[in-house]
Amino acid sequence: MNKFHSKGQLSVLIVCLVLIVDQIIKVWVKTHMFLYQSIHVTDWFQILFTENNGMAFGMEIIEKLFLTSFRIAVVCVIIWYITKLIRIGSRTGLIVCISLVVAGALGNIIDCVFYGQIFTQSTQTQLAEIVPIGSGYGKWFYGLVVDMFYFPIIDTHWPLWMPFVGGQHFVFFSPIFNFADASISCGIIALLLFYAKSFSQSIQTLECQMKKKKK
């Protein structure tokens, strides 16, 4: 029971810390930067304020309301799984990885659900302001996700002699993302690299327990 509580507390702590950092960064960017304004940090790193309707790294594939609802449903399922994984004694590292994924997903859900209600619209000439609930730029569940981290590690042009793309502008790693996206990516990558076997074994253990309960 002590291990359950300690791992559970660790999971909650990770989620809370990621959410706090993520939201502090987003609120600062939204209230201090114009849309598409860029702060040059190094030649390969910029703070570039953008907003998007869609998924991680600015992709737009699924309708907004469905995407937000789907995210909430997935997070609820994952939280349920984390609780089960802690109860069966899964490795601490595995719990950390999944907690990072949950935290990142929740960070972007907050933007989608609340930001349209509590912020005025960001434009290239006007900073956003925090306003009373219901006075913002959009409806519930239709808020825009704030992105800001841009790493144009290689920013150049293709050589003229190359067919089809010669002379065209090329940027290596052009996605613009936020702290929540980074948390999701780090959690998934670490899980795949170090805890894929543990995760598979834990899922099998859960399935066996569930089958026993049904019998």
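I take buried to mean under 20% relative accessible area, exposed over 50%, and partly exposed in between, using a 1.4 Å probe and protein chains only. The model I am reading is predicted, so local features need pLDDT of at least 70 and side-chain atom pairs count only at pLDDT 80 or more, while totals for chains, interfaces and linings use all residues. Residues are numbered from 1 along each chain as its sequence is written, and side-chain values use heavy atoms, with hydrogens and water left out.

Entry on Ser 183. I looked up this residue and found it buried, with a relative accessible area of 6%. Ser 183 lies in helix 4, residues 179–194 (helices are DSSP runs of H or I with at least four residues, strands are runs of E with at least two, and both are numbered from the N terminus). Leaving aside residues up to four places away in sequence, Ser 183 touches Val 18, Leu 100, Val 101, Ala 103 and Gly 104, where contact means heavy atoms within 4.5 Å.

I noted 4 strands forming an open sheet in the order 1-2-3-6, with antiparallel pairing; strand 1 (38–42) and strand 6 (176–177) are the edge strands, each pairing on one side only. Two strands count as paired if DSSP finds at least two bridges between them.

Entry on strand 3. I found that 6 of the 6 residues of strand 3 are buried. Strand 3 (residues 145–150) is joined to strand 6 by 2 bridges, in which Phe 149 partners Phe 177 and Tyr 150 partners Ile 176. Strand 2 (residues 45–52) pairs with strand 3 over 5 bridges, and Thr 50 has Asp 147 as its bridge partner.
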